[in-house]
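Reader: I am new to this structure. Please show me how to read a few of its features.

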Amino acid sequence: MLKKTQLCGIVIALIASSSAWAADQTVTLKDGRQVILHDNFTWQYKAQTNERTTSPAIKATTETAIPVITTSAVAIPIISASKGVEVELGTTKAIQQLSDSGMDVLLTAAHYENGTLIIPTMMTNQSSKSVVNVTMKVRLSNSDGQTIATDEFTVWRSINRMPETYFRPKTQHQGKPIIFDVPKAERYFIDAEITDVDIR
């Protein structure tokens with residue numbers, strides 16, 4: 001008799017539990033989303049309103065991201081600004097040596113006279129041919145990296161069809177100076193490149 005009573009209790013409990021599972025159930029996940037469990041063993045996410053999806057935490061993240069974007073936009077000029085090689089007045093140290101097509105151009109110590117920055121050049125022809133023309137492009141900047149002057153300079157030019165004026169191989173000569181009319185400063189920055197070497 002006792003066994004029949006226990007068996008009846010189990011059957012009633014199973015019927016009650018099966019009826020509970022017969023309807024859809026909603027479960028809330030740890031991240032706040034809700035899932036609907038169907039009686040056919042399938043599931044789906046419960047549609048949420050816009051108010052729920054835009055949580056205070058997400059709003060706070062979006063608001064703090066705005067200054068980060070502004071900071072990176074301000075950083076662009078700093079990254080792109082190229083000061084070049086330092087030119088300091090009052091020193092005897094050479095500024096920079098450039099090479100192209102066997103031609104070496106040395107920018108020697110700069111000096112300032114009567115509103116003009118003067119950078120003398122010394123050149124060496126390392127190639128096996130004569131050179132008749134050497135051209136350079138030079139940009140001058142201040143300490144803040146702002147361009148204050150830019151120009152092209154012919155630092156060596158021979159006379160056409162006069163071989164005695166040619167820059168012979170394995171020789172060294174003083175070239176024409178690089179000159180800028182700029183306000184005097186303790187230091188400048190120079191960005192120079194050889195743009196043309198005419199070889200004969």
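Reader: Leaving aside its neighbours within four places in sequence, which residues is Met-136 in contact with?

Author: First, note that this is a predicted model. Beyond four places in sequence, Met-136 is in contact with Leu-98, Val-105, Leu-107, Asp-151, Glu-152, Phe-153, Val-155, Ile-178, Ala-192, Glu-193, Ile-194 and Thr-195. Met-136 itself sits in strand β9, residues 131-141. Take Ile-194: it is 58 residues from Met-136 along the chain, yet their C-alpha atoms are separated by 4.3 Å.

Reader: Why does Met-136 count as buried?

Author: Buried means under 20% relative accessible area. Met-136 has 0% relative accessibility, so it counts as buried.

Reader: How many aromatic pairs does a search of the whole structure find?

Author: A pair of aromatic rings is described by the distance of the centres and the angle of the planes. Here the search finds two pairs. One of them joins Phe-153 and Phe-180, edge-to-face, with 5.3 Å centre to centre and 85 degrees between the planes. The pair links distant parts of the chain: Phe-153 is in strand β10 (residues 147-157) and Phe-180 in strand β11 (residues 171-180), 27 residues apart. Both Phe-153 and Phe-180 are buried.

Reader: Which side chain of opposite charge is nearest to Asp-104?

Author: That is Lys-170, 9.1 Å away. Asp-104 is buried but has no salt bridge. Asp-104 belongs to strand β6, residues 103-107.

Reader: What does the side chain of Asp-104 make a polar contact with?

Author: With the side chain of Gln-126, at 3.1 Å. Gln-126 is also among the contacts of Asp-104 beyond four places in sequence, including Gln-97, Leu-98 and Met-122.

Terms used:
Residues are numbered from 1 along each chain as its sequence is written. This is a predicted model: local features need pLDDT of at least 70, side-chain atom pairs count only at pLDDT 80 or more; totals for chains, interfaces and linings use all residues. Side-chain values use heavy atoms; hydrogens and water are left out. Helices (H or I, at least four residues) and strands (E, at least two) are DSSP runs, numbered from the N terminus. Buried means under 20% relative accessible area, exposed over 50%, partly exposed in between (1.4 Å probe, protein chains only). Lys and Arg count as positive and Asp and Glu as negative; His and the chain ends are not counted. A salt bridge is a side-chain nitrogen of Lys or Arg within 4 Å of a carboxyl oxygen of Asp or Glu. A polar contact is a pair of N or O atoms within 3.5 Å; within protein, one must be able to donate a hydrogen and the other to accept it, and residues adjacent in sequence count only if both atoms are side-chain atoms. Contact means heavy atoms within 4.5 Å. Rings of Phe, Tyr and Trp (its six-membered ring) pair if their centres lie within 6.5 Å; planes under 30 degrees apart count as stacked, over 60 as edge-to-face and the rest as tilted.
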